[in-house]
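Here is a short report on a protein chain. Look at the sequence and the structure first, then read on.

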Amino acid sequence: AKSVASGLSSGRSMGSSAFATGSSSSSRLARAATEGTFSFLRRTTSSLLAVSGAAERTFLCPICCENIREEERVVLAECSNADHGCCQECMGHYMRGLVADGR
């Protein structure tokens with residue numbers, strides 16, 4: 001009876017350690033998957049920011065209320081005040097309207 005009890009206790013400890021190993025193995029896999037996902041997102045975001053030039057300066061177009069790159073700002077020569085500029089698209093609509101009205 002003593003050898004059966006010692007065999008059961010050693011079997012239980014073996015089973016427990018196997019379960020613990022399986023559990024820690026799953027948590028390691030989950031942690032690795034999470035770290036891999038974050039690593040992928042970090043690399044992708046960095047790549048996108050590098051391509052898009054995230055440090056571009058923008059301004060708020062007073063007509064369409066969109067943030068537009070400064071390179072696309074149009075300022076009339078008579079005014080020359082950058083605060084009175086608008087985006088190329090809005091200026092294009094304005095100019096096409098003037099032409100359509102015959103002004």
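Leu76 is partly exposed, because its relative accessible area of 45% falls between the 20% limit for buried and the 50% limit for exposed. This is a predicted model. Leu76 sits in a loop. That loop runs between strand S3 (73–74) and S4.

## The nonpolar core

The largest nonpolar core has seven residues. Phe59, Cys61 and Ile68 belong to it, and so do Cys86, Cys87, Cys90 and Met91. Two elements give two or more residues each to this core: strand S4 (86–87) and helix H2 (88–101).

Phe59 has contacts beyond its sequence neighbours. Leaving out residues up to four places away in sequence, Phe59 touches Glu66, Asn67, Ile68, Arg69, Glu70, Glu72, Arg73, Gly85, Cys86 and Cys87. Among them, Ile68, Cys86 and Cys87 are also core members.

## The chain as a whole

The protein chain has two helices and four strands. Read from the N terminus, the order is α-β-β-β-β-α.

The chain counts 103 residues, and 10% of them are buried. Its accessible surface is about 8300 Å². Carbon and sulfur atoms hold 59% of that surface. Among contacts with a separation of 6 or more, 18% join residues 24 or more positions apart.

Key:
Residues are numbered from 1 along each chain as its sequence is written. This is a predicted model: local features need pLDDT of at least 70, side-chain atom pairs count only at pLDDT 80 or more; totals for chains, interfaces and linings use all residues. Side-chain values use heavy atoms; hydrogens and water are left out. A nonpolar core is a set of buried Ala, Val, Leu, Ile, Met, Phe, Trp, Tyr and Cys residues joined through side-chain atoms within 4.5 Å. Buried means under 20% relative accessible area, exposed over 50%, partly exposed in between (1.4 Å probe, protein chains only). Contact means heavy atoms within 4.5 Å. Accessible areas come from the Shrake-Rupley method with a 1.4 Å probe; for residues, only the protein chains shown count as cover.
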